[in-house]
Amino acid sequence: MNKNIVLIGFMGAGKSSVAQQLGLRLDRDVVATDKIITDIENRPIVDIFSNWGEDYFRALESKVVGDLARKGNLIIDCGGGVVLRLGNVNLLRKNGVLFYLSASPEEIYERVKNQTHRPLLNTEDPLSKIKELLEKRLPFYEQAVHYQIDTTGKEVDQICQEIMEKMPQ
Ligand code: S3P
């Protein structure tokens with residue numbers, strides 16, 4: 001069984017686009033923790049946060065991670081906050097290679113500024129929020145990851161190539 005390819009990184013880092021393309025190139029199934037959570041709850045993430053709160057979302061996220069980490073051969077597109085719980089990281093690392101897709105706060109802002117589906121960024125000053133959260137999370141991403149890929153200014157193709165070169169054969 002091949003190890004999972006696990007994509008972690010901040011919102012807007014390009015995890016979903018990279019995951020989709022990697023899936024096609026490697027002929028592997030692609031799963032996204034956020035998609036599984038919204039399917040289970042049958043409502044968007046903004047509603048889950050506003051109705052039940054972030055802790056409820058994180059508990060669901062951990063359950064989903066636990067289920068996925070037991071499988072192999074997958075490309076797992078993780079929500080940006082998955083690294084906040086060490087238990088998630090330990091499970092994902094057991095059977096997966098973790099890639100941290102990084103980008104500058106300014107680039108992240110450009111990528112997400114017209115989107116509204118991320119509750120944590122629905123604030124008056126999203127760029128400041130991105131900087132604040134990124135600073136807090138950086139140690140978590142760096143501690144969790146096997147390989148960091150800086151995505152700033154790169155096309156999805158190139159990012160996939162870099163990931164494929166780093167995967168054990
Ligand atoms: C979150 C990132 C989101 C989603 C939720 C919380 C975070 O996923 O899980 O809004 O805490 O960074 P994406 O990274 O796919 O946007």
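Here are a few notes on the sheet of this predicted model and the helices around it.

1. Some ground rules. Residues are numbered from 1 along each chain as its sequence is written, and side-chain values use heavy atoms, with hydrogens and water left out. As the model is predicted, local features need pLDDT of at least 70 and side-chain atom pairs count only at pLDDT 80 or more, while totals for chains, interfaces and linings use all residues.

2. Start with the open sheet: five strands, in the order S2-S3-S1-S4-S5, with parallel pairing. (Strands are DSSP runs of E, at least two residues, and helices are runs of H or I, at least four, numbered from the N terminus; two strands pair if DSSP finds at least two bridges between them.) Strand S2 (30-32) and strand S5 (147-150) sit at the edges, each pairing on one side only.

3. Now look at S5 and its partner, strand S4 (residues 96-102): they pair in the parallel sense over four bridges. Tyr-100 has Gln-148 in S5 as its bridge partner.

4. Helix H2 (residues 33-41) packs on the sheet and touches S2 and S3 (contact means heavy atoms within 4.5 Å).

5. Helix H3 (residues 45-52) has Ile-45, Ile-48 and Phe-49 as its buried residues (buried means under 20% relative accessible area, with a 1.4 Å probe and protein chains only). Seen down the axis of H3, they fall within an arc of 95°, so they line one face of the helix; the arc is that of the directions from the helix axis to the C-beta atoms. H2 and helix H4 (54-69) are among what covers them.

Technical notes: Axes are lines fitted to C-alpha atoms, for helices over the stretch in contact, and angles run from 0 to 180 degrees between N-to-C directions. Buried means under 20% relative accessible area, exposed over 50%, partly exposed in between (1.4 Å probe, protein chains only).
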